Amino acid sequence: MALAAQYASLFWVVAGTTLGMMLANAPAVLLGDKMGSNLPLKLVHGIAAAIFATLGIATLLGIG
């Protein structure tokens, strides 16, 4: 929204941000697909839960 408000061409702002997100997300999706078939889902959920809890506690304590 801030980019669209700052620049006159809404089309190019939307096209550029969409392309940027696709370029950033495509490798993560492909890598995740490859790793997902090799890692147990329970382990992935445990790691995600630990990261989420750590970030939540850091936020509550005002760290970062």
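The expected span of a helix is 1.5 Å times one less than its number of residues. Helix H3 has 21 residues and reaches 30 Å from its first C-alpha to its last, close to the 30 Å expected at 1.5 Å a residue. Helices (H or I, at least four residues) and strands (E, at least two) are DSSP runs numbered from the N terminus. The model is predicted, with local features requiring pLDDT of at least 70 and side-chain atom pairs counted only at pLDDT 80 or more, whereas totals for chains, interfaces and linings use all residues. Residues are numbered from 1 along each chain as its sequence is written, and side-chain values use heavy atoms, with hydrogens and water left out.

The secondary structure of the chain amounts to three helices and zero strands, in the order α-α-α along the sequence. The radius of gyration, taken over C-alpha atoms, is 18 Å, well over the 11 Å that the globule rule gives for 64 residues, so the chain is more spread out than a compact globule. The globule rule is 2.2 Å times the number of residues to the power 0.38. Along its principal axes the C-alpha trace spans about 45 × 35 × 10 Å. Pro40 and Gln6, 34 residues apart in sequence, are separated by 46 Å in space, C-alpha to C-alpha.

Of the 64 residues, 3% count as buried (under 20% relative accessible area, with exposed over 50% and partly exposed in between; 1.4 Å probe, protein chains only). The chain exposes about 5,700 Å², of which carbon and sulfur atoms supply 77%; accessible areas come from the Shrake-Rupley method with a 1.4 Å probe, and for residues only the protein chains shown count as cover. Pro40 lies in the loop between H2 and H3 and is partly exposed at 47% relative accessibility.

A nonpolar surface patch of about 820 Å² is formed by Leu31, Met35, Leu39, Leu41, Leu43, Val44, Ile47, Ile51 and Leu55. Patches consist of residues with over 30% relative accessible area and no salt bridge, like charges being joined within 9 Å and nonpolar side chains (Val, Leu, Ile, Met, Phe, Trp, Tyr) within 5 Å. A salt bridge is a side-chain nitrogen of Lys or Arg within 4 Å of a carboxyl oxygen of Asp or Glu. Helix H2 (10–36) and helix H3 (41–61) are the elements that give two or more residues to the patch, and H3 provides the largest share, six residues. Ile51, in helix H3, is partly exposed, with a relative accessible area of 47%. Just after H3, Gly62 takes a positive phi of about 75°.

The structure holds one aromatic pair. Phe11 and Trp12 form this pair in an edge-to-face arrangement, 5.0 Å centre to centre with 75° between the planes. Rings of Phe, Tyr and Trp (its six-membered ring) pair if their centres lie within 6.5 Å; planes under 30 degrees apart count as stacked, over 60 as edge-to-face and the rest as tilted. Phe11 and Trp12 are exposed.
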